Amino acid sequence: MERPLLQPEGVLKPGPKSMVGDGFSVYHLFPGQQLPMQRTDPFLMLDYNPPWRIEPSNQPKGVDVHPHRGFETVTLVYSGEVAHADSAGNHGIVGPGEVQWMHAASGVLHKEYQSEAFTASGGVFHMAQLWVNLPAQRKMDPPSYGSIHRDQIQHLTMAGGHLELVAGMLGQNAEGTWFCLPSQEEFSESTFPKSAVGPATVCSPLWLFHWIQNQEGPGVFELVVPEGVTVLALVVEGVLGGELEGVDQGHLVVYHRNPNGGETLVRLEAHAGAKVLWMLGQPLNEPIAAYGPFVMNTKAQIQEAFEDYQNGRFGVLN
Ligand code: MN
């Protein structure tokens, strides 16, 4: 079956770095003038912290207590360790290749720091944080938190490389073509001999995974995506090839959203050793009212979030 190729709409260059607290030195990729939240729906924000050498110390760097309501924060660690603690009583530490998935929902206070062990040893700190919006009916869910460890991430081998699946379902048909599958979809092992579901609990259809091209040579990744999804690809390691020759670490490829209906094929070439974070999601298409750490649907709900925060209804965290 011949599917139209989904073309990149553009490549966002990393701008100047900014500090988040004293522990995260990031390229703030979106939202921004070029890429408003409506364009990246259901994703709200992406900060990318490229490799940064941290000297050993006894004072962990990070962001002190702050609130969130109405969405999820997803922290992907490539090098170093991130520690989390929140007012719902959750805490966890994730290291290289691991992910924190915090369902802030109705609201938590939390703090995010480089771990004590990493702080003591020092080393290279490299991570990304993605904010994922929640559908209106899930924004006031009780908060929850998950650490996704290395052995939970689904590894899918492919010619010349592999995929590391964090969220959503991917399947490969007998011809070797990869598909984003809605996880509720009926599928048979004869249609998709290879498939996997990521360990993250998601509240709307989305797919989050890394494509890693091995060190032996360049490669091509192709994926069939459903109609109308948002498709974003962040270069985490290495360099892209083909039409995007030379695009490297910290650049975000933004694809068109298939205006003509039906499935499309996304195709990306990369040089040996490249690592790309793929973020795909069905837009929620709901109103967005965002102010700082609160993302709701109306201004009145933002006002309510401030009042609840000021009145201590997000709990206590020291
Ligand atoms: Mn936070």
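Is phenylalanine 221 buried or exposed, and at what relative accessibility? In this predicted model, phenylalanine 221 counts as buried because its relative accessibility is 1%, which falls under the 20% limit. Phenylalanine 209 is likewise buried, with a relative accessible area of 0%.

Aromatic pairing was examined across the whole structure, and the search returned 14 pairs. In one of these, the ring centres of phenylalanine 209 and phenylalanine 221 are separated by 6.0 Å, and the pair is edge-to-face because the ring planes stand at 70 degrees, an angle over 60 degrees. The pair links distant parts of the chain, 12 residues apart: phenylalanine 209 lies in strand E18 (residues 206-213) and phenylalanine 221 in strand E19 (residues 219-225). Ring pairs also join Phe209 and Phe221 with Trp211, Tyr255 and Trp278 in a cluster.

The manganese ion is coordinated through the NE2 atoms of His66, His68 and His110 and through OE of Glu112, at 2.1 to 2.3 Å. Along the sequence, the donor residues follow the spacing H-x1-H-x41-H-x1-E. Histidine 68 and glutamate 112 are both buried.

Threonine 264 is located in strand E22 (residues 264-270). The residue is classed as buried because its relative accessible area is 2%. When neighbours within four places in sequence are set aside, threonine 264 is in contact with Arg3, Pro4 and Leu6, with Leu223, Val224 and Val225, and with Asn258.

Note on methods. Residues are numbered from 1 along each chain as its sequence is written. This is a predicted model: local features need pLDDT of at least 70, side-chain atom pairs count only at pLDDT 80 or more; totals for chains, interfaces and linings use all residues. Side-chain values use heavy atoms; hydrogens and water are left out. Donors are N, O and S atoms within 2.8 Å of the metal (3.2 Å for Na, K and Ca); water is not among the atoms, so sites may look incomplete. Buried means under 20% relative accessible area, exposed over 50%, partly exposed in between (1.4 Å probe, protein chains only). Helices (H or I, at least four residues) and strands (E, at least two) are DSSP runs, numbered from the N terminus. Contact means heavy atoms within 4.5 Å. Rings of Phe, Tyr and Trp (its six-membered ring) pair if their centres lie within 6.5 Å; planes under 30 degrees apart count as stacked, over 60 as edge-to-face and the rest as tilted.
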